[in-house]
Amino acid sequence: MTLFSLAWHSLGSRRKSVVLTFFSLLISISVLLSVEHLRLQAKESFNRTVSGVDIIVGAPSGQLNLLLYSVFRMGTPTNSIKYSSYQTLKNHSLVEWAVPISLGDSHHGFRVLGTSQEYFQYFKYADKKGLVFEQGQAFTGMFDTVIGSDVAKQLGYKLGDKIVIAHGIAATSFTHHDNAPFTITGILKPTGTPVDKTVHTSLAGIEAVHLSPRQLRNILEGNTKEEIAPRQVTAVMLGLKSRLATFKLQRDINNTNSDKLMAILPGVAMTELWQLMGTVENLLRVIGFLVLISSLFGLSTMLLASMDQRKGEIAVLRILGAGPRVIFSLVLLEALILVLLAIAAASGLISLTLYLSGDWLASHYGLFLSGHLFSTDIMLAMLVILGATIATAIVPAIEAYKSALHTVLSSKL
Amino acid sequence: MESTETNNAESQSTLAISLNNIEYKYKSKATSPDLTIPQWDLKRGQQVFLYGDSGSGKTTLLNLLAGVLTPSAGVIKIFDRAFSSLSARQRDKFRARHIGVVFQQFNLIPYLSVLKNIQLADYFASTKRKDIIDSAQALLSKLKMPASVLNKRASELSVGQQQRVAIARALINQPELLLVDEPTSALDASARDAFMKVLVETCAAANTTMVFVSHDMSLQDYFETSIAMPLLSQSSSSQEGLK
């Protein structure tokens, strides 16, 4: 027999109110922990999406808009820029490398990205990690394609498979470019970024599928010698020789006369995105804490309400030599047991939910959430919950202490 | 009261209880004490029947002896320890180890099994005995209870059974002093007789000092010594043990 076992049995003796309180705690702790987890993971997931890109150039719109569609493949590009602008940028003296991207098509709901071979060389994510091929290599021909790991996994593709690209970005499209199937030449390793959900082709390939059927047939049959020159691209990612030149180049690009261009710095745009999200994020945290506090008050009330019927129990414990401090600890222990159980159950619940909804979140919101819940910040949140529990359970514990202090052993209870 | 003493010489050498000029006020600002006991000694191994009407201070005295209340003035010595001057914590510990208490009812934690109730006494006395189950079984069989009762929840037992379990629990730590307050008032006549017999026998066998408080005069036949509470609390020196 220990104090823990006594607290456990005592909770068990008030099963109904304890179970209800437990569920109230479970819900509030789940809300709080998932808000915290989502917040941390979303930030990390967003921040790791692009790295090593100094400037992104696209058609003038908002910098967030450009960031969202070029990096996160979210939303639709408002406008395109001329292919010649890409060539100009590529040959600019300050630019080390330039990777064009062309968006607007899809394959079974996965975005299709037209780009150049340099993409696989220069695009970096997370902590300057480059793209690695699981199988195969970068595309060489016009109708070759490289797919992300999720595309391969979800659609069951392997090297050599032929796929068809649909116009538009909806999961079901009515315009299939059926005449021009693409051959998978490479499958990328998972990155935990939107790259996993992307079908990469050459710019020429994208251009070709949008030609008229007759022109396309000519190309496929090799009847024409003319190169398919892309006329426009959606955006260009730039790496600079010296990062010191970033602002100068950004200014130069924004002042270009030959084409309407806008240059954004991914880091700055990302920060703006987070400032925007910050308000919502803090609001969610505040709501999470309020919900937690209200259910902790519920716990306190439950313990306090039981105090009257527990006077006899307290008297028995006093008879046996339990001091008021022991009674105090007993009540506190009951609260902590309940909250710890609720934390454990909430962690399980969240992990399970993340595990089950991970793919859906990734494909719909570009959020790559880890099911691994126990980061330092989450642990900290749990400690805060325990602290708040002790703070609120102090009230019934003091009540029990007083009751124990004033217990007079008597046959008349 | 020495004249009525029949216990052996060994236990006469020390006093179990010694009260000296005890005053107790329920409210510290009260002008006159609610209970006054000028002098009372009880020898080791003695079993005494303390009777009096409600309000005569029996329960207050019991609480003072158990160390739940402390006297406003005077000294209580239990086994030569100046009990009343110990800290609250020390008194709780002392009670856990040396004093067993049985009440009219509500002696047990209803949602715990009989065994767990008994183990609780062991836990608070921090004796951590390994033979606790054996001792509990032995005690219960002395109290004429089947061993199967150990794993029943206290709330499933009859009142008579609960009272016997309460004795078993009060005796599990082999206390030197047993305080009993109206333990039979919830029992019917036959259960009462059985209970009293087993209580007195068990205590005598363990040579446990017992203070038995009741207003039911018919119970005094089980005791060699009887004391009227009014005598104890009023007269200054001549409280007589009555047979």
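1. A word on terms before the sheet: strands here are DSSP runs of E with at least two residues, numbered from the N terminus, and two strands pair if DSSP finds at least two bridges between them. Please keep in mind that this is a predicted model.

2. With that in hand, look at Tyr24(B): its bridge partner is Leu35(B), in strand 2 of chain B. Strand 1 of chain B (residues 15-24) and strand 2 of chain B run antiparallel, joined by eight bridges.

3. Which order do the strands of the open sheet in chain B take? The order of the four strands is 2-1-4-5, and the pairing is antiparallel. Strand 2 (35-43) and strand 5 (81-82) of chain B are the edge strands, each pairing on one side only.

4. Now to the contact between the chains, where chain A contributes 26 residues and chain B contributes 27 residues. About 2600 Å² is buried between chain B and chain A, with 66% of that area given by carbon and sulfur atoms.

5. How many salt bridges cross the interface of chain B and chain A? There is one: the side chains of Arg318(A) and Asp92(B) meet at 3.1 Å, N to O. Four residue pairs, both residues at pLDDT 80 or more, are in polar contact across the interface of chain B and chain A.

6. On the side of chain B that touches chain A, helix 2 (58-66), helix 3 (88-98) and helix 4 (114-124) of chain B each give two or more residues. Helix 4 of chain B supplies the largest share, six residues. By type, the residues on this side of chain B are 15 nonpolar, five polar and seven charged.

Definitions and conventions. Residues numbered from 1 in each chain as written. Chains lettered and ligands numbered in written order. Predicted model: local features only at pLDDT ≥ 70, side-chain atom pairs only at ≥ 80, totals over all residues. Heavy atoms only, no water. Contact = heavy atoms within 4.5 Å. Buried area = accessible area lost by both parts, 1.4 Å probe. Salt bridge = Lys/Arg side-chain N within 4 Å of Asp/Glu carboxyl O. Polar contact = N/O pair within 3.5 Å; in protein donor to acceptor, adjacent residues only side chain to side chain. Nonpolar A, V, L, I, M, F, W, Y, C, P; charged D, E, K, R; others polar.
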